[in-house]
Amino acid sequence: MLTALLIMTGIAIVLGAALGYASIRFKVEGDPLVEKIDAILPQTQCGQCGYPGCKPYAQAISNGEADINQCPPGGEEGIRKLADLLGREVKPLSEEHGTEKPKSVARIDEQVCIGCTLCIQACPVDAIVGAAKQMHTVVAPLCTGCELCVAPCPVDCISMVPVAATVETWKWKYPVHELRSAA
Amino acid sequence: MITRLFGFKGGVKPESHKNESSGTPILTAPLPKRLVIPLRQSIRSTARCLVEPGQKVLKGEHIGEGEGGLGTSVHASTSGTVVEIAPYPMAHASGLETLSVVIEPDGEDRWIDHTPLDLRTVSREEALAWLRGCGIVGMGGAGFPTHVKLGGGRGIDTLVINGAECEPWITCDDRLMRERAPEVLSGAMILRELIGAKQVRVGIEDNKPEAIAAMQAAASGLGDAIAVVPVPTLYPAGGEKQLIRVLTGVEIPQGKLGTDFGVQCFNVGTAHAVHRAIRFGEPLVSRVVTLTGNVARPGNYEVLLGTQVVELLELAGPKADTNRYIMGGPMMGTELQSLSVPVTKGTNCVISASPALFPPPPPELPCIRCGACARACPAELQPFELYWFSRAKNFGKAQEYHLFDCIECGSCAFVCPSRIPLVDYYRFAKGEIWARERERLASDQARDRFEFRNFRQEREKEEKAAKLAAKAAETRAKLAESGEAPAQPAEAEDPKKALVAAALARAKQQQAAVTPKNTDGLSADVQAEIADIDARREKLNQQDADKAP
């Protein structure tokens, strides 16, 4: 009886120690689910979802505070991927958060710009260069098309320009072939 | 010399249609009315323009400087005046525009001064830079810069010269080998010297006996190092990996290059261009183009780069029922969106197609899983699997089945009994996968920048707080020095409050130090009056205080 108890206690202590060590040694930093959701989100950092950036939205989805259909730049496909990851139903994009638009970049009309720096402060990815009372310009390859710089501009000199396909970015279309009409 | 040949799996035998255009010698195309020279002549790189409208240029003059690792120079194809630098449609499936230099020829076709390069007096690097400056790129179609291919060569054993020309209808390499065999082989020997290969093997499909004979005759004087090898006619024997397999038996696995196995491959056209560049110092300004199909005078023409297809077609005379034009061969070529596209370094053939010669494809039927495509695939893939995954947009699975090993040769679609345009699906899937990869890179970059911005804002806030605290501490120290204790040392933790307190203390001190000037040196009368007023005010205050409770 006593031997059995001792053996059981011994096993419990050894296993407990092993588990305790493992929990310290293999500790997971941060929530891996948030990272996975964040990897699917388009990183536009536009805030259309109602959260200040993609990471906070990922956090909110992971906590169950936000739905998966609040990201217009991610569009249908983003929702589908999120639904896949989280094992939820695919649903259409929530209309109150905006609509899916073709990818655009901001362009500053340099004739009109007064150099107020408001757009520079608004840009979430530091893609606008300029200084006070100097002309500003958008670094197009870095622009995510979030439109956050459009509203603060006091002279309305920022417009969103859709990105045209170049030889590098042009894609073959999905093959579509005419169906024979049933005779 | 008896050479053992190897085979590759799969392959198809389409009707060759070589005889239409291979019978007549290469003719020099007349000077066109205008030349549109795209600055994008090599793969993934657009040259920087060096000329401006109105400038006079000579034939072979440098008009575009190659940029980046894959850049090569672009030259004026004839002498004349630059009239415009503007985007023009290019020979690409998309029909998109690219920046081009438009030259109006002056009719003299006058060369710029050029001198040959003596390979014995220069280093290998200098010779490669020379080729880059001459704008030499692969002339088989892809347009990969030759100096880059040569530069990667270390420990190369075999140099393969590709004269297979396996696509139906095209005969430009055939005619080039028949008429300019010594020059092609001279180029091959230069390439061999630059890459340090022990032996050279020229692979030519055995449906070109005249070319084989001409090349063998030219090679007989060059010793044992060079061998002209007839290879069986089987499409796509001219694919780089397939030809290397046939000639050397080396099978290049996924993700590896020929150079990893001591083999490098160049097209015969490239060898010819290298010969002109080194022995004469001539940059690449013209090439041989096959005009064939539904035309009155099929044949091969030496065409200046930048000649528009519409002017070129006048030479061959397309027949009335021509309904579309194909650039390249019928298996891998692309339909031209516009006839104003210019001839580039990779243009080998323009086919005029009529419904009789190229009947419209019958409607696509469902896949019956017959496996004919898998037997025909020279890359030993499973085309039907790739088709299902591409069609279902299951791109991850398509990549698992090695979609990117597909060379888009079209053998699978050629044999498909259901006439499924398989290659269209693969191209679509590849494009989507590349686009996704670009998007992923862009979003990773955006994430990094966003996170750095947040970090920077946080850091700026901290730096500001630290600065304030330092200033507060300094002021306190100054006050302590001047013998006055800080007003409220308890609030020292909050630097802002401490600063305010310090400022208040300073103000009080100043107030105490300065006595109002108007009470200095007054007469006795005024002094008495002031005392009287003060007394009255005191009395009123007293009255107020009495009333209040």
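Author: In chain B, six strands make an open sheet of mixed pairing, in the order E1-E14-E13-E17-E15-E16. Strands here are DSSP runs of E with at least two residues, helices are runs of H or I with at least four, and both are numbered from the N terminus. Two strands count as paired if DSSP finds at least two bridges between them. The edges of the sheet are strand E1 (27-28) and strand E16 (334-335) of chain B, each of which pairs on one side only.

The model is predicted, and local features need pLDDT of at least 70, side-chain atom pairs count only at pLDDT 80 or more, and totals for chains, interfaces and linings use all residues. Residues are numbered from 1 along each chain as its sequence is written, while chains are lettered from A and ligands numbered from 1 in the order in which they are written.

Within the sheet, strand E17 (residues 349-353) of chain B pairs in the parallel sense with strand E13 (residues 286-293) over four bridges. In this pairing Thr290(B) stands opposite Cys349(B) of E17(B). Strand E15 (residues 324-327) of chain B runs antiparallel to E17(B), and four bridges join the two. Here Arg324(B) lies opposite Ala353(B) in E17(B). E15(B) is also joined to E16(B), by two bridges in an antiparallel arrangement, with Ile326(B) opposite Glu335(B).

E17(B) is mostly covered, with five of its five residues buried. A residue is buried if 20 or more other C-beta atoms lie within 10 Å of its own, exposed if 12 or fewer, and partly exposed in between, with C-beta atoms placed from the backbone. In a regular strand the side chains alternate between the two faces of the sheet. On one side of E17(B) are Cys349(B), Ile351(B) and Ala353(B), on the other Val350(B) and Ser352(B), and both faces are covered.

Helix H6 (residues 209-219) of chain B has the buried residues Ala211(B), Ile212(B), Ala214(B), Met215(B), Ala218(B) and Ala219(B). Viewed down the axis of H6(B), these buried residues fall within an arc of 165 degrees, so they line one face of the helix; the arc is that of the directions from the helix axis to the C-beta atoms. The face of H6(B) turned away from the buried side carries the exposed residues Pro209(B) and Ala217(B). The buried residues of H6(B) pack against helix H4 (172-179), helix H5 (181-195), strand E10 (199-205) and strand E11 (226-231) of chain B. Contact means that the C-beta atoms of two residues, placed from the backbone, lie within 7 Å.

These elements belong to a chain with 16 helices and 17 strands. The radius of gyration of chain B, taken over C-alpha atoms, is 39 Å, well over the 24 Å that the globule rule (2.2 Å times the number of residues to the power 0.38) gives for 549 residues, so chain B is more spread out than a compact globule. Its C-alpha atoms fill a box of roughly 135 × 60 × 50 Å along the principal axes. Of the 549 residues in chain B, 44% are buried. Among contacts in chain B between residues at least 6 apart in sequence, 72% join residues at least 24 apart.
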